Amino acid sequence: MSTRAIVIPSVGRPSLPRLLEALEGEEVHVVQGLAPAAARNAGWRAVTAEWVVFLDDDVVPEPGWREALDRDLRPGLDGSQGRIVVPVPDRPTDWERNVAGLQDARWATADMAYRREALAAVGGFDERFPRAFREDADIALRMLDAGLRLERGTRRVVHPVGAAGPAVSLRKQAGNADDVLMRALHGRDWRERAGAPPGRRPRHLAIAAAGAAALGAAIARRPRAAALAGAAWAAGTAELAWARIAPGPRTPREVMTMAWTSAALPFAACAWWLRGLAGLRGALAAPGPRPWPKAVLLDRDGTLIEDVPYNGDAGLVEPMPGAADALARLREAGIPTAVVSNQSGIARGLVRHRDVQAIHRRMEELLGPLGPLEYCPHGPSDGCECRKPAPGLILRAAERLGVGPEDCAVIGDIGADVDAACAAGARAVLVPTARTRAGEVAAAPEVAPDLAAAVAQLLEDPVAVLEAA
Ligand SMILES: [Mg+2]
Ligand SMILES: [Zn+2]
C-alpha cells in the first residue's frame with residue numbers, strides 16, 4: 001500500500017499541466033466532469049493509499065512541498081492542512097481580497113490531506129453542497145465531531161488570483177444558500193468552529209429590506225415612508241461600497257465596479273439566502289454522506305456460491321456472478337469480511353462439520369481469503385440464538401473482526417439474512433435470486449442486482465451511483 005495519493009478535481013484549467021509536472025512521480029488522480037464534492041469522493045474512493053491529498057487544479061506547490069508533506073502526514077493525525085499563499089498587491093481589489101481569504105480559511109481543500117480511513121469513517125464529502133463552497137468546512141467539522149485529529153501543516157502552495165469578470169462578487173453570493181445548509185447541519189456557531197469570518201449577511205438583508213420597503217412605499221404613494229426607507233437603503237449601500245473601495249486600489253475601474261455591484265449585492269445575497277431556505281427541506285431529506293461499513297458479512301449459499309441444498313461436496317462449489325469482483329473491491333478498500341451461514345444440514349445429519357470446512361477452503365481457493373467463518377449447525381426447531389434470522393452469527397462475526405455490529409453490513413439472498421442483520425443493528429443489502437420471495441425483496445431496506453453491485457452500493461462507488469440515477 002502506498003503512503004499517499006493526490007486527488008485533483010479539475011475543470012480543465014490551463015494551470016493543470018504545470019501542477020502535474022510539479023507532482024511528477026506521485027500517485028495522482030485527476031477527476032473531471034463532476035461537481036467538486038462528488039469529484040473528491042470519486043477520487044478518494046478510487047484510492048488505496050493511506051493518505052489522500054486534495055489539491056485544487058490552480059495551485060502551485062512551493063519548492064520543498066513534498067518533503068514538508070512527508071513531515072505533515074504524521075502517525076496519530078487524521079487530517080493535515082497545507083498553508084495557502086495568495087500573492088496580492090499592497091492595495092488589493094475586492095476580488096483579490098476575496099481570494100486572499102483562503103490564506104486564513106481553516107481546512108480549505110485547495111491543499112488538504114485526510115487519512116483515507118477518516119474519509120471512510122465520515123462517508124466523505126457531502127454532495128448536497130453543489131458548489132465549491134462550505135463542503136470543505138462541513139467535512140472538517142464532521143471529523144472533529146467524530147473525535148478525529150486535524151492539524152495545520154507546514155507545506156505551502158501558492159494559489160494565484162484567477163481572472164474574474166466585474167460581476168464575480170454577485171456570483172459569489174450563491175454561497176449564502178450553502179450557509180443555510182451549514183447552519184442547519186452544524187448549528188448556529190458553525191462559523192466560529194470552522195474559522196469562517198462573520199460575513200455581512202445581516203447587513204445585506206437589512207439593506208435589501210430597506211430597498212424593498214422604499215419601493216413598496218413609493219408604489220403605495222407614501223412619499224415620506226419611501227424617502228425614509230430610501231435614505232436607509234442609500235446609506236447602507238454607500239457604507240458597503242466604501243467598505244469595499246477603501247482598502248482597494250481606488251482606480252476608476254475598481255470604484256465603478258464596486259459602486260454598481262454594491263447596489264445589487266445585498267439583493268443578490270438576500271435572493272440566494274431565500275433560495276437556500278426554500279431548498280433546505282429538500283436538502284435535509286436527500287441522503288447525506290454515509291460512512292463505509294467497517295466490515296462486510298456475507299451469507300454463503302445463494303450469495304457467495306450457488307445454492308446446492310444440503311451440499312457436503314466441495315467439488316460442487318460454484319461462485320455466484322459478481323462474487324470475485326465484489327471481494328476484490330472490498331480487499332482494495334481495506335474492508336474485512338466474514339462468512340455467516342445457516343447449515344441446518346448438520347442437524348439433519350446430511351452434512352458434517354468437516355464438509356462445511358472443506359467447502360470453505362474450496363471457496364477460498366476460488367475467491368481468495370474470506371475472513372472468519374461463522375455457521376449455525378442447528379435446525380429450525382432447536383431454538384438456538386445463531387440460526388438466521390436470529391442475530392447470533394452476525395454478533396459473533398463482528399466480534400471476531402473487532403468491530404461493532406452497527407458498523408457492519410450484511411449481504412444475503414433471503415429475508416432471514418436481512419432480519420438477522422437488522423436484529424443485530426447492522427446494515428442489510430439483499431441480493432435476490434430466483435428463489436427469493438417477492439415479499440422479501442419488497443421488505444428489504446436495500447436491494448442490489450448482484451454481489452458486486454451490492455458492494456459498490458455500500459462503498460458508494462460513482463458507477464453505482466450513476467447507474468442508480
Ligand atoms: Mg443464502
Ligand atoms: Zn444455531
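Donors are N, O and S atoms within 2.8 Å of the metal (3.2 Å for Na, K and Ca); water is not among the atoms, so sites may look incomplete. In this predicted model, the zinc ion (ligand 2) is coordinated by Cys376 (SG), His378 (ND1), Cys384 (SG) and Cys386 (SG), at 2.1 to 2.3 Å. Along the chain, these donors follow the spacing C-x1-H-x5-C-x1-C. The arrangement is tetrahedral because the four donor atoms subtend angles of 97 to 118°; four donors count as tetrahedral if all angles lie between 85 and 135 degrees.

Buried means under 20% relative accessible area, exposed over 50%, and partly exposed in between (1.4 Å probe, protein chains only).

| Residue | Relative accessible area | Class |
|---|---|---|
| His378 | 27% | partly exposed |
| Cys386 | 6% | buried |
| Arg427 | 15% | buried |

Arg427 is found in strand E12 (residues 427-430); strands are DSSP runs of at least two residues, numbered from the N terminus. The Arg427 side chain makes a polar contact with the side chain of Glu446 (2.7 Å). A polar contact is a pair of N or O atoms within 3.5 Å; within protein, one must be able to donate a hydrogen and the other to accept it, and residues adjacent in sequence count only if both atoms are side-chain atoms.

Residues are numbered from 1 along each chain as its sequence is written, with chains lettered from A and ligands numbered from 1 in the order in which they are written. Local features need pLDDT of at least 70, side-chain atom pairs count only at pLDDT 80 or more, and totals for chains, interfaces and linings use all residues, while side-chain values use heavy atoms, leaving out hydrogens and water.

Terms used: Helix = DSSP H or I, 4+ residues; strand = E, 2+ residues; numbered from the N terminus. Tetrahedral: all angles 85-135°; square planar, octahedral: opposite > 155°, others 65-115°.
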